[in-house]
Amino acid sequence: MATFRSGLAGGGEAIDSGAMEWRDEGICLQRRAHGENAVILEVFTAAHGRHAGVVRGGASRRMAPSLQPGTQLDLTWRARLESHIGAFTAEPLRSRNAALSERMALAGLNAVTSLLIFCLPERETHPVLYARTVSLLDLLGQEDVWPLAYLQWELVLLEELGFGLDLSCCAVTGAREGLIHVSPKSGRAVSAAGAGDWADRLLPLPPCLRGAGPATDAEIVEALGVTGYFLEKKLATALGNRPPPEARGRLVDLLSRRLKAV
Amino acid sequence: MSNSNDIDRLIEIMARLPGLGPRSARRAVLTMIRKRALLLGPLAETMQTVARTARECLTCGNIGTSETCAICRDERRATGELCVVEDVSDLWAMERAGVFKGRYHVIGGTLSALDGIGPEELSLPRLKDRIEAEGITEVILALNATVEGLTTAHYIADMLEDSVRLSSLAQGVPIGGELDYLDEGTIGAALRARKPL
């Protein structure tokens, strides 16, 4: 008999029902219709990673608004065997729907949820990424700080999935100052002196990538070009050459247009 | 089990309809058989007619019985207002309200990168053509207030930017709704869209 403990803060209770069961907090990533009234809900949880389950009645008028992407949920998952898809009971903890009337917030939410669905293997825990995702989504709608927070979240995403950038010192000279390039091959910082004749083949290193904020929109768009390169050329390639989600491209496009409008 | 393959087949087909399961399909079929003259005969006839004539309107995507639906044929509805909806069921819901007097455009779903639904899969190019051809002055985006619906609405707004006046349905407290049962997002939207009394 297998039992799981709750991932909720404050500890959880051992469940002695003979079935697989856990309770955790999570972010709704997406839902798909399953029959007439049920949905298959995909969530990102603190202690159980990206996880799917059936929500009976999830398509109902009462429950559907609570199961929108981005909503913070209190989840209980039950299944007879661990390999089963199982069923969720989901209670909304915090809705993030208020910010969704704003274009940037909506584009941001779509980029975050689609990247998580794209990148994360099912049922693999990423507590650090989960905590950063919750913080990022809580900032939705704050257009002055959100783009930079999103950039930092993408850096954590790359790090968590094994493609983190090492921007602490120059890969060639070891210098910690004057770092202005990123090597597209190793993801390490390179100084002007270290770049030499290779400078035109290297990616730019805007200061905001090294955590030197606040940053301008132009800098953030440039930095998103760098993280986008690693998402596409390294991460997506490792995931079987699938193209990265279009939603991310739309967010970057929106930021670029905001830049041109200024 | 009815001891008849034909009746079992009918129950099986009926059970596939939304809102019906095997048990309710059996009850429906039994009622129809008992009221053969009143229900079964007319239903079979009407279904045959609809199966022969039902088609999608080539202009707006509504379902009718001719190439151009009654709404698109009605000259009084050429008001310059075009209401964009996700699905035919949404168009029918708007018509039930009887408030909108313009014409419709059914886009046939929402954008979804995960499901591989892009602008080409929706009838968005046709929407652009209609706006030019029919002299549309206002496009009302009546898409569902879901993340997918809102994303599609923003996409359409970007696509039609500067070419036409754009508006969307208000969001807030439904008539008969109680604040206690509303989510924070809806309450926030309702407060932002408040109006003087």
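This is a predicted model: local features need pLDDT of at least 70, side-chain atom pairs count only at pLDDT 80 or more; totals for chains, interfaces and linings use all residues.
The domain assignment of chain A (bounds come from an automatic or database domain assignment) gives residues 2–95 to domain 1 and residues 100–167 + 205–261 to domain 2. Residues are numbered from 1 along each chain as its sequence is written, and chains are lettered from A in the order in which they are written. Local features need pLDDT of at least 70, side-chain atom pairs count only at pLDDT 80 or more, and totals for chains, interfaces and linings use all residues, while side-chain values use heavy atoms, with hydrogens and water left out.

We can start with chain A as a whole. Its secondary structure comes to six helices and eight strands, where helices (H or I, at least four residues) and strands (E, at least two) are DSSP runs numbered from the N terminus. From the N terminus on, these elements run β-β-β-β-β-α-α-α-β-β-α-β-α-α. The C-alpha trace of chain A spans about 65 × 45 × 35 Å along its principal axes. Of its 262 residues, 50% count as buried (under 20% relative accessible area, with exposed meaning over 50% and partly exposed in between; 1.4 Å probe, protein chains only).

A:L29, A:F44 and A:R50 supply 40% of the area that domain 1 buries against domain 2, more than any other three residues. Across this interface the rule finds one salt bridge, defined as a side-chain nitrogen of Lys or Arg within 4 Å of a carboxyl oxygen of Asp or Glu. The side chains of A:R94 and A:D138 meet in a salt bridge, at 3.2 Å from N to O.

Turning to chain B, helix α2(B) holds B:A25, B:V29 and B:M32 as buried residues. Seen down the axis of α2(B), its buried residues fall within an arc of 60° and so line one face of the helix; the arc is that of the directions from the helix axis to the C-beta atoms. On the other side of α2(B), B:R23, B:R27 and B:R34 are exposed. The cover over the buried residues of α2(B) includes α1 (5–14) and α3 (36–53) of chain B.

How values were computed
Contact means heavy atoms within 4.5 Å. Buried area is the accessible area (1.4 Å probe) that two parts lose on being put together, summed over both.
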